[in-house]
Structures are given as C-alpha cells and as structure tokens.
Amino acid sequence: MKKLLPVVAVILLVGVLVYIVFLRPDDPPPDVAPNGDGDSPAPALTVDEKLELIEQKNVALAHLENKETEESSALWSAIAEKLPDSILPVQNRAIGALIAVEDAEPNQKPDALTSAQAAIAALQEKAPDAAATHILAGRLALLENDFSRAVREFEAATEADPDDASAWLELWSVSASTNEELPDSLSAALKRAHELAPQNLWILIPLLLQQADEQNPGIVETIDTAMPLIERLAPGVEQRSNNNPAEFLEQARAAAVDGDWSNVQNRTRLLKNILIAEDALKSDEIRIEKHVLEFVVDRFPDDFYEDLPADSAVAAAPSEVSFQPMAGEGDEIAVEGLVDAVLADFNLDSRLDVCALTNDSIIVFSRDAESGGWEPICSADAPANAAGFRLIDVDDDRIVPLIETMPGGEGVEGESRSDLDLVVFGGEGLALFLNTLDKETREAGLEPADAFADAGSLGPLQHCEVLDVDMDGDLDLLVSGESGTQVLSNRSNSTFELASDAIVDAPDRFTVVDSASVDFDRDVDLDVLCVTTDGEVGLLENLRHQTLRWRVLDEIEPAGTVTSIEVIEADGNASWDVVVGSDAGVSLHLTRTPTRGKVEFIGSASIDQPVGEFSLFDFDNDSFQDVLAWTDEEVALLPGRGAAGFVNFEGNLSEHTPSAPIVTCDFGDLDADGDLDLLTASSGEIRLLENDGGNALPWIDLTVISYDLGNPPFGVGASRVNNYGIGSQLEIKAGDAYRAQVVRRAFTHFGLDELPPPETVRITWTNGVPQNVIQPQTEQTISEPQSLITSCPYLYTWNGDRFVFVTDLLWAAPIGLPSPQGGMTPHRDWEYLKIPGEMLAEKDGRYVLQITEELWEAAYFDQVRLLAIDHPADVDIYSNEKVGPPSISEYYIHTAQEPLLPVAAENHAGDDLLPKISAEDDDYAQPHTEWHAQGYTHDSFLELDLGELQDPGRITLFLTGWMHPTDAAINTALQENPDLPGPRPPSILVPDAEGEWIEAVSYMGFPGGKTKTIAVDLSGIFPAEDYRLRIATSMQLYWDHIFFTVGEEQAEYRETDLELVSADLHFRGVSDRIFHPRNGPERYNYDRVTPIPRYAPMHGAFTRFGDVRELLTTADDLLVVLGCGDEMTLEFEVPAEPLPAGWTRDFIIHSIGWDKDANLHTIYGQTVEPMPYRNMSSYPYEPESFPDIPGYEAYLREYQTREFDDVYHRRALHLREEE
C-alpha cells in the first residue's frame, strides 16, 4: 500500500521565515475566510514558539493535501492547544475529518462519521455564522443522508455570503441527491447561481432543464443569455459529435415561444447529452464547485506575525558566485543591429552555439575548441523588420549527436536528436529557416522554407510562443500582433495552417506581449499564461481538440505596466506558481491546486526591480529558480528564495554586461562544468560570461528525448511528443524535497544544493503520459524514452501455478478513436479469443480469469462468457477472430490437423524470413524496414510461396502475430498531413496468368494488439497454378508463425458454455512490464504490481467495487466500467462431464464491450461518458439514438457511483512505500 509523504521541502530548505511574508491580495474579513484566520488576538508566544507553530502548520497542510488525515489531525490538535482561540486548526481539522469520511472503507465509515461530527461541532462552536462552517456542515449532512439538514445549512451559507454562486449551487444540488420532498426554494437557488455566474455551463444546462420541466417562460431569456456562449463553442462540438448545440438551443427557444413544452424538454435534454462530455462543461464544473481543500485556512491572525523578523527573509543575497568573461577569445561577439540571440546546440556537437538575429541576417556562431573564439558556421538573409525568432524542430530530422562533451556522462547509446530550425517573426509575419545539418560532416546550414501559406493574413507580429496546442506530437505556434492572437497548427510536413477557431471567449484583436505554456491546472493539457497589451494577466485554458478559452486572472494584480510572465514551482506543493515582471518590479504569486482543473491563489511576494523581460534559471545550484532580468538600461540577477520570492544580488554582474541598450539575455552551460553561464547582448555586441562558483553545489542536467525504444529502431521517432519534449513537466524528488520545472529547451538544469541524491525524476510528457527515472546520477545528462500508454484491457489466467498474461481484449471495439484517413475508426463490440488449454487450469474447482485495466483508458464490459472447446489431442483449434468487419470475423472454430509450412518467405527487400515464421518460437519476423511513425511503416509486403499444390480446394492460412498500433494523437497528426495517407491494412496480392501481381483480397484482417492467431480463407483466390501470395501493408505487423492447411474439413469438437459463478470488481494496480527482445510485444508480470494508478484519472463515474456478476451474464447495455488499476476476477464453473480419452481442452473467451483511450485526441477520451451501447452506429452517437434500456436509471444509481481521485497522479512524487 502506498502512503502519501508530507511535503516538508519548503520547511527544510527555505526555512519557516519565508511563510511570514505571504501577502494575500486582500486582507481577509475579521470573521472566517477560506484562507485567513479570524481576528482573535494571538496569545503571548515567543518568536521561537511562533516559528515552530508555522512549521507545524505547514507540515499539517502538506498532510492534509496528501489526504493523510490522521497525521494532519494530530498536528491541528497540537496547534489548537497553543492557539485555543484560532479558527485555523479547528476548521482545517474539520476539513480533514470530511475527507476521512469520503475515503473510508465501509467498515470504517461509522467511526469516521463520529469523528467528523465532533470536528464539525467544534467548528460550529468556534464560528457559528461563517459561510464556510455552514458549507462544511451541509456536506457532512449529505454524507449522513440527512437532506433536510443539508438544505438548512446551505441556506444559511447563502445568507452568510449571498454573492457566492457556488453556495447557491450546493443548495440546489441537494435536490439532485434525493427523491425526498424538499422546499420549492431550491428551484430559485439554481436561478440565483446562474445570475451570479452567467457564463458557467455547469449551471446553465441544469437551469435550462429545470425551466423546461417547469414550463417556465423565463427560459427564453436564459437561452438568449446563453446563446453567445454556446455559439462560440459550437464549431468544435459539431466537429467532434456531428451535432450543433446552437441549433438545439434555437429549436428550444422557438418551441418555448410557441408553448410547445414537450419539444422544449426534448431539445434541452438533447443539448445536455451533446455537452455532457465536453471539456468546457467539465472545466466549468470544477471551477464552480468548491473542493473541500478550498476552505483551508492557511494563515494565522495578522497580529501573530507582528514581532517576527520579516525583513531578514528578503535581504540582499551575498553569494560566492561571480561572473567573469569567458576565457580566451570567447568573451564577446561583435555584431551590428542585433535583434535577438539564443544559446543552443545548433550543429549537434554537444556544445552550445550562439544563434543571432540582426536587422538583415541570421548567423550561427560556434566556438573554436582551440582559441575559444566564436566563428560563424552558417547564415541566411533575415526578413525585414524581424522582431525575434524561436528555435523549433519542424521537420523531425533526427541524427545521433556527438557526445564527447556531455557533462559527467555519455548520454544514451544510439539516442537520436533533431536539429533545430528557426521561426522568425516580426513585421513581415513569419518565416521558417530549416537547419540543413549534414549527418556525416556535421556542417549546418539555413534554408528558407515556404511554411506559412497564411502568413500574409497575420500582419506584423510582436510575440511568438512555441507549444503543442493540440498534443499531437509536433510543435504549433501561438502568435500575436496587430491582427490579434492566433494559433498556427503544425501539419507535420514542415508547413503550418491557421486554426481560425482555436481561441474562444477572447476580446477582439486581443494582443499578447508575453506568454508561458504549462499545464497550469494539472489536467494534462498545455494551457498558456499570457500578459496582454491592456496589462491583463490571464489564462488561455486548453479545452483540448485545438480549443483555447481565455479568462482573466483577476487574482494577479501586479504594480506597474506588466511586461513578462513565467511559471515556477516555488513552494514545493505540486502547484505551479506565477512570476510576473513589470516596470515596477517582480512579483511571485503562489498557488494551490486542490484538484485537477482548479488553481487557487494563496499569497504573493514582490521586489522593486524594474523588468522588461526575464528568464528563470538556477545560477548558484541552490535548487531555487533565480530571475535573470533585463531592461534597455541594465541586466539584473535576482536570487530566488522559494516561497519568499526574490532578493537582490550582491555580485559583479554589471561590470561585464554590454552598454545600453540591452537587447536580450540567455543562459546555458557553455563550458560544461555544471553551472549556468550567461549571454548578455546589446545591439552591437554579444558578451559571454562564465559562472565562477556555481558548481560548488551539485546539479543534474536532464535532456528528455522522445522516441520509442520498442520497435522503431533508433533514429525513428514515435511522433507522439516533440523530440525534445518541449512543454513537458519535470519533477524531482530528493529526500523530502520536491522541485519542478517545465521543459523549455534541449536541457533542463536543476541545482541540488545539499539535498540528498535524487530518488526519482518524473517527466509528464505533453501528451499527458508520466514516466519515472529511478535514482538518476546527480551529475549526468539523462535521456529517457517513451512507453506505450494505451492498448486494451489485459487477460490473465491461472495456469495451475500462477496467473499468467494471455493477451489483450476488446481490440476490435475502440470508441472515439480518430482514423488517420479522417472520421472515426470503426468498432465491433464482440470478439471470440482463444485461450490455450495449458494457460488455464482449475483453481479450487473453478476456472479463474483476471481482467485488468492497466493503461490510460476505460474498458466497458457488457457480457463475458467462457466456452470450453474439447477436441482430439491431434487437432488444433483456432478462433476466426481478427480485426475487421463481421463478414470476415464471425464466430467459427477452425481446426487444423496437418499444418503445412510455406517453402519460401521473404519481404520486399529480399530478406529471407522463412526461419522466423516456420515455428511458434516467440521470435518474430519483421517484414517492414522503415517507419513514418509508431504503427505506420513504409509500404512493405511479406511474400509467401505455398509450393506446388494439386487441386487444393479449401486453403486456410494461419498467421500468429501482433500489431504495434498508432494512437489517437498520431492519427490526428496524420489527418493534418496531406502527404501521408496513414496506415494501410493488409491486403493479399497474387500473380495472374502472366505473372503480374493483382489484388485478390482487399482487406485480410489482422491480429489486434498482442499476440493472436488469425485464420484467412485463401480458397479460390489464385487465378493460376502459382501459389505465391503477398501480404501488403503499411501497418506495423510482426509474425511469429505462419502455416496453412489444404483440403481439411472441420474436425469434431465439443463446445460447452460455462456458467459465470462470480465476478468481483476491485482495485489492484499496474503490473510490471516485460519487454520483448525479439520483435515481440511487451508482456506483463502479474506477480509484480505497483498498487497505484500510473496515469491521470479520467472524469466520470466508474462501476463501484464489489459483486458485478449480474452485469456480465447477459448483453443488456448495463455495463461494468473499469479504469486504470482496476481488476475484475471472474470464476467459471468447470464442466461436470469428463474429457473423452485422447481429447484435450482449449477455451474461447467471448466478450461484448468497448475500450476508450484517454489519449487527449480521443473524442471524449477524458471522460467515461457518453456511455456506449450495442448497435450504436457510431461514437459519438446522435443524442436521440440512445435506447430506452429497462432499469437503466436504477443501474446508474446503484453501480455507476465511483470516481477516481487525482491526488495519486498529481502529487505522485510525494509518495513512498509505507514502512
């Protein structure tokens, strides 16, 4: 069992003094506020006692955020003894008690409720009239099913704070929890919530339904208010669901005007069905419904801090680090008319080069190894009026870099990296220059490319952000200028296309002056923090599917004119904080993330240092990010002090920076000695400054390279994440310390101060997939490959000794999966898969199967049957299952008694593959030789010669193999790329009478996922007595064994449908992977399990744990829904009739169900809903088409009640094994 570890890094490394300088934007009222204590005076305490209380409070808060309620409760009690009049420990203890009730096992719930009742009673005594008290008391009443008391408490909360929309929503929500008669006032509560939050979809949809049911003419006004919001979202919704919500809303309005209330009710319900799984709706739900941790009080009364030495926390920072001109001739580069300059490894020799943009040229300088001087290695004419440039890998042209200068290590043998191209932005719009780096000579060049067909419509640009907006594995552009802010989508063929509807809810022509992309709300997609020309700080919230929604962050109100923004993890609480620069100074804005999708601002600190632009880096390796800031007049260095913000630097930086006007600054480890050096530049020169002393403390440099070590060979990208992982999230766990950064460049540098060696580095790639590196070296560049994230649920069986992996299920039934050719991948909801008899033995008189969900997806099972197939021992049986339409995969048992081998087998390149396919030996043939992407190869074929056959009649080909698939992101990228049609399923070609190859079978079918055997009927397809055939495809298929039979009739067998005796759903975790050394699929060790989910949980209701047998015995659309980490144990009756002499037994598992990936490109992939059903023609389906299923509402209430908590993913590096 995993136990959440308290985050005490802030206390250990920053010191408790930093917490006394937290300044909330507004002082809390004298009563109780969510984040401030009341005005009760603090008792007389010494400074040391107060510092100890601050430390206890911070540890207790960390326990509480980690859901370690027992530990936090003990600390709150200790604080209450010292501060008996403080609301802080009382309210926080009540919050922990509520969490404990929600998380309690059934046998623990009575005791948890008793503790919660006592904690709430203490809070009511301390602050009887506070809105927070009533909300928490109302939630306890709901947990006790006392709905009338809950109504009274929530009504009191709305009286205490009548302008809180969330309180009114909580009041109304009681009616959705029970069928009891409740006051009519609850109906008005929803209307009031909508008045306070008119743009919130989560309130709007139930209000429309309520007004329709009440036949309330006021629905017309509600629709008129809602229409602009729905119209802005309509294009994206229609693209995903083939339904336009604005049309349903218009139809509802017209029906309301005509008094046709039946039609109003129908249209509003259909509108709900369309929007229920939309990310915009989920986002609004999270924003309006307060997480219980939002009621945490994190600050003592103001008088508590009066005698604490606050000034000492923000004093100037003396440092042993200084900056000196680089040795030799490497201290400066003379340029004229410099506009921008960046340090990067342009020619992949593992040394940093200087990329410079001037008024008329782009020049790349490389440092001479002997003299240390800088020499130009390539150049190109720059567009007129250029404002800056960005380095970006556009063409994914990877090579193996030189590694002799990597600090402390040699990298990963055979790793491949892409060279960096340049995107220039400015008065002429955009221009792309491709890096023509020669793989052999390493000579770099710059070649203009025609990449922006829409460049002329963009107008002059002043800002450009590089990020993967749509999470499809390539880098897009967010650009801003006179025409406003727009998104250019990378088409994966070195061109970009304007995504005109990508930004919604933004003012016309709103212009961004700086931005920072990050998964700000920790919901596994990239958002963009922005500063606008109007001085606003806001967020472009990613709603996925290439949609960004603008909202202003009113909580950030920095002084002066805001110029720049970046994210930082300052206080070690697994929540991104914000650094804002302005002409008045630098401000740090601290946050808490109580749950995915919701960020709460909790404090701020600032320093008076004017800033034009700035970067974050750790120059002294003390593990805290520092500010490198510059204006036209000066360069400033502001050492970071964690949650306390930044301080002035007492150093020599100003002695060596160029004279004004300053153009830009950058940083990098120029001499590969483990500390970060500086580039400072004016319009006439670039100066390079060596960091002297920063490497006195240890560090770790992380280079993340996204490629698949599985079956594309080195040098071929998986195309799921951009090559350098730009925008990914890196987290480090070192002892009790936690640090995090966003990947912004080819390397990410962490100073480690005097921390213990890092135990774990976790990267969360831009496609939402996490990956851990255990015990990395502290002074070594690390490269880490990606792993598969989606497949299907797994099947394990008891073989008499242990549970063993058999294969994966539901492979023919993907839902919401985009097709590379456009539209959606077809699905078939049933399958029949063979379980070899040697893999399934009796266990305590039953056949026991384990069906697990271990990847980032949801599995839906309607029915599971086990068929015993008894047959003579000299006969092999095979299912007719294969991926394809029912016409080629309908249920049939093939038998084989005299298997024949081809006499020859070779691929398109002439490689002899006969030895590989002649025996089922787990050594797989690979017909393809080149890849476009994971799952998508260049055209290839496997040619088989069946030899001389005399009047063969019936010919059946049996192929045992597996398929490495693309995924939703790759398929989406292929849809955007006009040059690549996508994977082509296997077809069969045969020679005609003239020896010309002709297509005989257009769609052969293929094995889905992990190893399976398919049977293909070849009867009558050969036009001549030439029994050669070619299996042609561009899918990534591998074959272990291929044989055929000739003229065989179906042999005798006996089929028995075994009774499902029990089915239990429970949580198990994730099995260890077993990687295959010979082109085979990865498998899994059931005996080695990690008992926490690996991925961010999906939204929505999963099936509750326990007995689910009745849901699986018949096909009735009442489904068992599994999420990552779930396991379903199935026990089947063993046949009473013994096997005939000389016979043996195999099995067929028959399942009806579907699988939905949580890939960020899967349609509604982040939600369980909409629920699938048999006979649906497509997914998503038309909202009118959902059948009237008997007992469906009761099924939802009884079974579909479990939701996954995201704390185990979001705060994963705060986990450790319980002692």
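## Helix 2 and the residue after it

K67, which comes just after helix 2, takes a positive phi of about 65 degrees; this value, like the others in this report, is computed from a predicted model. Helix 2 itself covers residues 47–65, and its 19 residues reach 27 Å from the first C-alpha to the last, close to the 27 Å expected at 1.5 Å a residue. The helix is mostly covered, with 14 of its 19 residues buried.

## The chain as a whole

The chain contains 22 helices and 65 strands. Its radius of gyration is 32 Å, close to the 33 Å that the globule rule gives for 1219 residues, so the chain is as compact as a globular protein of that length. Along its principal axes, the C-alpha trace spans about 95 × 85 × 65 Å.

Of the 1219 residues in the chain, 63% are buried, and the accessible surface comes to about 44,300 Å², of which 46% belongs to carbon and sulfur atoms. Among the contacts with a separation of 6 or more, 68% are between residues 24 or more positions apart.

Five strands form an open sheet in the order 19-23-22-21-20, with mixed pairing. The edge strands, each of which pairs on one side only, are strand 19 (503–504) and strand 20 (512–518). Helix 14 (residues 279–288) packs on this sheet, where it touches strand 22 (537–542) and strand 23, and its direction makes about 25 degrees with that of strand 23.

Strand 29 (residues 626–630) is mostly covered, five of its five residues being buried. In a regular strand the side chains alternate between the two faces of the sheet. In strand 29 both faces are covered, with D626, L628 and W630 buried on one side and V627 and A629 buried on the other.

Strand 29 pairs with strand 28 (residues 613–617) in the antiparallel sense over five bridges, and F617 stands opposite D626 in this pairing. Strand 29 also runs antiparallel to strand 30 (residues 635–638), to which four bridges join it, and W630 has V635 of strand 30 as its bridge partner.

How values were computed. Residues are numbered from 1 along each chain as its sequence is written. This is a predicted model: local features need pLDDT of at least 70, side-chain atom pairs count only at pLDDT 80 or more; totals for chains, interfaces and linings use all residues. Side-chain values use heavy atoms; hydrogens and water are left out. Two strands pair if DSSP finds at least two bridges between them. Helices (H or I, at least four residues) and strands (E, at least two) are DSSP runs, numbered from the N terminus. Contact means heavy atoms within 4.5 Å. Axes are lines fitted to C-alpha atoms, for helices over the stretch in contact, and angles run from 0 to 180 degrees between N-to-C directions. The expected span of a helix is 1.5 Å times one less than its number of residues. Buried means under 20% relative accessible area, exposed over 50%, partly exposed in between (1.4 Å probe, protein chains only). The radius of gyration is taken over C-alpha atoms; the globule rule is 2.2 Å times the number of residues to the power 0.38. Accessible areas come from the Shrake-Rupley method with a 1.4 Å probe; for residues, only the protein chains shown count as cover.
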